[in-house]
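The following exercises concern the fold of one protein. Please study the sequence and the structure before reading each solution.

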Amino acid sequence: MVRRPKVTIKLYSWELDSMPEYSASLPTGQTLWKMWSCNTNAFAVEVRCKCGMVGRAARHLLPAKVHCSKCGKLGLELITLPDHWVVGQYIPDPNPEMIGMRWFDVLLREGPKPRLYEAPDWTEHAALEEGPRAREKQ
Ligand SMILES: [Zn+2]
């Protein structure tokens, strides 16, 4: 699955935290405008060898003994990567039988959490979209 964030979304950390997290899969309920968070590094590690080879792998798919793909040596260094959050959203597809998807890069905003913060309904979040749902409200 290719995930290429193209747009930036500005969120406070508590907004990001309030989204349903799908780092290992996609939400099954394909509702238009649904939004979710995804840590693209949730299962990733950086693999380094003394020969200079640097790679990236899914930790749970690595065998117990990992050989370097360049020099063949055993004993590679595995480095846990920092969280990297993106936000996914289901959007209309030109084919009405299908549903589209887009990815946002997350830009964390600074600021105190409002005392009465109420998480929006991320399953039908149209605030960022000029979609049919947004037009209905005008
Ligand atoms: Zn090597």
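## Exercise 1: The order of the elements

Task: State in which order the elements of the protein follow one another.

Solution. From the N terminus on, the order is β-α-β-β-β-β-β-β-α. This amounts to 2 helices and 7 strands, where helices (H or I, at least four residues) and strands (E, at least two) are DSSP runs, numbered from the N terminus. The model is predicted: local features need pLDDT of at least 70, side-chain atom pairs count only at pLDDT 80 or more, and totals for chains, interfaces and linings use all residues. Residues are numbered from 1 along each chain as its sequence is written.

## Exercise 2: An open sheet

Task: Determine the strand order of the open sheet of 3 strands.

Solution. The order is E4-E3-E5, with antiparallel pairing; two strands pair if DSSP finds at least two bridges between them. Strand E4 (54-58) and strand E5 (77-80) are the edge strands, each pairing on one side only. Among the residues involved, Arg-48 has Val-54 in E4 as its bridge partner.

## Exercise 3: A residue in a loop

Task: Locate Trp-33 and decide whether Trp-33 is buried or exposed.

Solution. Trp-33 lies in the loop between helix H1 (13-18) and strand E2 (35-39). A residue is buried if 20 or more other C-beta atoms, placed from the backbone, lie within 10 Å of its own, exposed if 12 or fewer, and partly exposed in between. Trp-33 has 21 such atoms within 10 Å and is therefore buried. Its phi is positive, about 75°, although Trp-33 is not a glycine. Most residues other than glycine have a negative phi.
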